Amino acid sequence: PTSNVGYGVSSLTKVKHTHPMLSLGNVFDSVQLNNFVTEIIKKTGEVDLSLEYKYDGLALSLHYDKGVLVRAVTRGDGTEGEDVTNNSKMIANIPLQLKGDHPPEYLEVRGEVVVPRKGLELLNIQLVEKGLKTYSNPRNTAAGLIRNTDSAKLRNKPLAFYPYDCYGVDKNSVSASLDYLSDLGFDLFSKPKIVNSIEEINSFYQDTINDRDKISIDIDGLVIKVNDSSKHDILGTNSKEPKWAIAYKFPPVEKATKLKRIDWQVGRTGVVTPVGVVEPVNIGGAVIRNVSLYNANEVKRLNLSLGSHVVVCRRGDVIPKIVKCIRLLNSDVCHL
């Protein structure tokens, strides 16, 4: 209890990362996946790959000095993030003191802060009872809570941290590093699956999609890594992402709704852009009411008319987009 804090701060301090927190490149189909794996085999001869869930939350870096948590920093722009040390100490499964008699002199643990779906549901029930605004989805909830300037408000909130990487210790593989973190007291949401073929990746990928709704936290794909850590330096990184890891993203969730009208917006540069106004539909916790139609040619290509039934998705799990028109309900047309 004496290690938990409960006072507020007026703002969050910016902190530069010891090592850049790179993003991951994405693949969306078997062809792109094959190109990624082929390049790895060509450069390293490596075929053992680690498959992990891609958590849909907020990336966090934890710093330990002689086994004691001394700093926690959000990913931010990858070069610097915000100091959320006090808030992180309120997350029940983040060790304040590492297990074991001989902790490393220094250890940086990277992982994801998430909100389990059931936890979000219970949290929103409490907010409704108090007449307060509810949270829309687990990702936004995790980001909002961890950046709160009053750490006392995080007490008993349904936040959890799951590691995926570390610096400060030399382990010969991704799987060995995660096992080591488990021994130090970190919770692993699931152990990585080691495979050595594209067929095994696609099989696990499809099984995960089928079981996605049964998993207690939101995931939006798989993370594929070269398991042998010695090969990471050979493959290297570019300015934004490592070349030894990639995210195999799930197909976007698609839902049907109705196109009510098309508005035209004039941007600050004078470009006129059509925006579709649809009947509200919830996709991945976000309520979609407006979708960009990009230009007049896109409206024609989709054969849109007022009252059309359309299929909507969130491209990249972010940007609302009309995938196709599935039926016209009346003869009204859009005058372009």
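## Cavity

A search of the whole structure, a predicted model, finds 1 cavity of 30 Å³ or more. On a 1 Å grid over the protein atoms alone, a cavity is a set of points where a 1.4 Å probe fits but cannot get out; lining residues have an atom within 4 Å of a point. The largest cavity has a volume of about 50 Å³. Volume here is the space filled by probe spheres set on grid points, which are joined across faces, edges and corners.

Its lining consists of Glu 52, Tyr 53, Tyr 55, Pro 163, Leu 178, Leu 188, Phe 189 and Ser 190. Strand 3 gives the largest share, 3 residues. By class, 6 are nonpolar, 1 is polar and 1 is charged. Nonpolar covers Ala, Val, Leu, Ile, Met, Phe, Trp, Tyr, Cys and Pro; charged covers Asp, Glu, Lys and Arg; the others, Gly among them, are polar.

The largest pocket has a volume of about 1500 Å³. A pocket is an open set with protein on both sides within 12 Å along at least five of seven lines. The elements giving two or more residues to its lining are strand 3 (49–55), strand 4, strand 7, strand 8, helix 5 (174–183), strand 10 (219–226) and helix 7 (232–235). Helices (H or I, at least four residues) and strands (E, at least two) are DSSP runs, numbered from the N terminus.

The pocket is lined by 49 residues. Leu 22, Leu 24, Tyr 164, Asp 165 and Pro 242 lie nearest its centre. The lining divides into 18 nonpolar, 13 polar and 18 charged residues.

## Strand 7

Strand 7 (residues 106–114) is mostly covered, with 8 of its 9 residues buried. Buried means under 20% relative accessible area, exposed over 50%, partly exposed in between (1.4 Å probe, protein chains only).

Strand 7 runs antiparallel to strand 4 (residues 58–65), joined by 8 bridges. It also runs antiparallel to strand 8 (residues 160–167), with 7 bridges. Strands pair if DSSP finds at least two bridges between them. Gly 111 of strand 7 stands opposite Leu 60. Gly 111 also stands opposite Pro 163 in strand 8.

## Ser 175

Ser 175 is found in helix 5. Ser 175 counts as buried because its relative accessibility is 17%. Leaving aside neighbours within four places in sequence, Ser 175 is in contact (heavy atoms within 4.5 Å) with Pro 192, Ile 194 and Asn 227.

## Basis

Residues are numbered from 1 along each chain as its sequence is written, and side-chain values use heavy atoms, leaving out hydrogens and water. In this predicted model, local features need pLDDT of at least 70, side-chain atom pairs count only at pLDDT 80 or more, and totals for chains, interfaces and linings use all residues.
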